[in-house]
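This briefing covers one protein model. The points after the display are grouped by topic.

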Amino acid sequence: MANAVDDLAKTVAGKESLAVESFARALRMLPGIIADNAGYDSSELVAQLRAAHAAGKSTCGLNMNNGTIGDVCRVKLAAWDRAPITEN
């Protein structure tokens, strides 16, 4: 997604292009932050993820169950428990 946003920044004129570029940079930081918070080697995972994306594997993402990258379309996601939202 960051690559698509970066490509968009090249078509936007003026100061808006700087905002779009900053958003693309922020998107690129997310996998590293998530891996760090999970206690995995974020540098290695992000390098593997970027290499996979460069090889055309656009559906690769982080698998935080085992600290690897994998095809997010093939991973079976567990159902999320949704807590009811209440207002005090």
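Ser17 counts as buried at 13% relative accessibility, where buried means under 20% relative accessible area, exposed over 50% and partly exposed in between, with a 1.4 Å probe and protein chains only. Ser17 is found in helix H2. Leaving aside neighbours within four places in sequence, Ser17 is in contact with Ala9 and Val12, contact meaning heavy atoms within 4.5 Å.

The model is predicted: local features need pLDDT of at least 70, side-chain atom pairs count only at pLDDT 80 or more, and totals for chains, interfaces and linings use all residues. Residues are numbered from 1 along each chain as its sequence is written, and side-chain values use heavy atoms, with hydrogens and water left out.

**Overall layout**

- The protein has three helices and two strands, helices (H or I, at least four residues) and strands (E, at least two) being DSSP runs numbered from the N terminus.
- Along the sequence the pattern reads α-α-α-β-β.
- Of the 88 residues in the protein, 23% are buried.
- Among contacts with a separation of 6 or more, 24% join residues 24 or more positions apart.

- Ala2, Val5 and Ala9 are buried in H1.
- These residues lie on the same side of H1 because they cover an arc of only 65 degrees around the axis; the arc is that of the directions from the helix axis to the C-beta atoms.
- An α-helix has 3.6 residues a turn, so residues three or four places apart point the same way.
- The buried residues of H1 pack against H2.
- Ala9 touches Ser17, Val20 and Glu21, not counting residues up to four places away in sequence.
- Asn3, in helix H1, is partly exposed, with a relative accessible area of 49%.
- From C-alpha to C-alpha, Asn3 and Ala24 are 7.2 Å apart in space, and 21 residues separate them in sequence.
- Arg25 lies in helix H2 and counts as partly exposed at 48% relative accessibility.
- The C-alpha atoms of Arg25 and Ala2 are separated by 7.2 Å, with the two residues 23 apart along the chain.

**Nonpolar core**

- The largest nonpolar core has six residues in all: Ala2, Val5, Ala9, Val20, Ala24 and Leu27.
- H1 and H2 each supply at least two residues of this core.
- A nonpolar core is a set of buried Ala, Val, Leu, Ile, Met, Phe, Trp, Tyr and Cys residues joined through side-chain atoms within 4.5 Å.
- In soluble globular proteins, nonpolar side chains tend to be buried together.

**Largest pocket**

- The largest pocket has a volume of about 640 Å³.
- On a 1 Å grid over the protein atoms alone, a pocket is an open set of points where a 1.4 Å probe fits, with protein on both sides within 12 Å along at least five of seven lines; lining residues have an atom within 4 Å of a point.
- Grid points are joined across faces, edges and corners, and the volume is the space filled by probe spheres set on the points.
- The lining of the largest pocket has 17 residues, and Met1, Leu27, Pro31, Leu49 and His53 lie nearest the pocket centre.
- Helix H1 (2-9), helix H2 (15-38), helix H3 (42-54) and strand S1 (60-63) each give at least two residues to this lining.
- H2 contributes the most to the lining, with five residues.
- By class, the lining has eleven nonpolar, four polar and two charged residues; Ala, Val, Leu, Ile, Met, Phe, Trp, Tyr, Cys and Pro count as nonpolar, Asp, Glu, Lys and Arg as charged, and the others, Gly among them, as polar.

- Leu49 is found in helix H3 and is buried, with a relative accessible area of 8%.
- Not counting residues up to four places away in sequence, Leu49 touches Pro31, Cys60, Gly61, Leu62 and Ile69.
- Leu49 and Cys60 are eleven residues apart in sequence and 6.8 Å apart in space, C-alpha to C-alpha.
- Asn63, in strand S1, is buried, with a relative accessible area of 16%.
- Beyond its neighbours within four places in sequence, Asn63 is in contact with Thr68 and Ile69.
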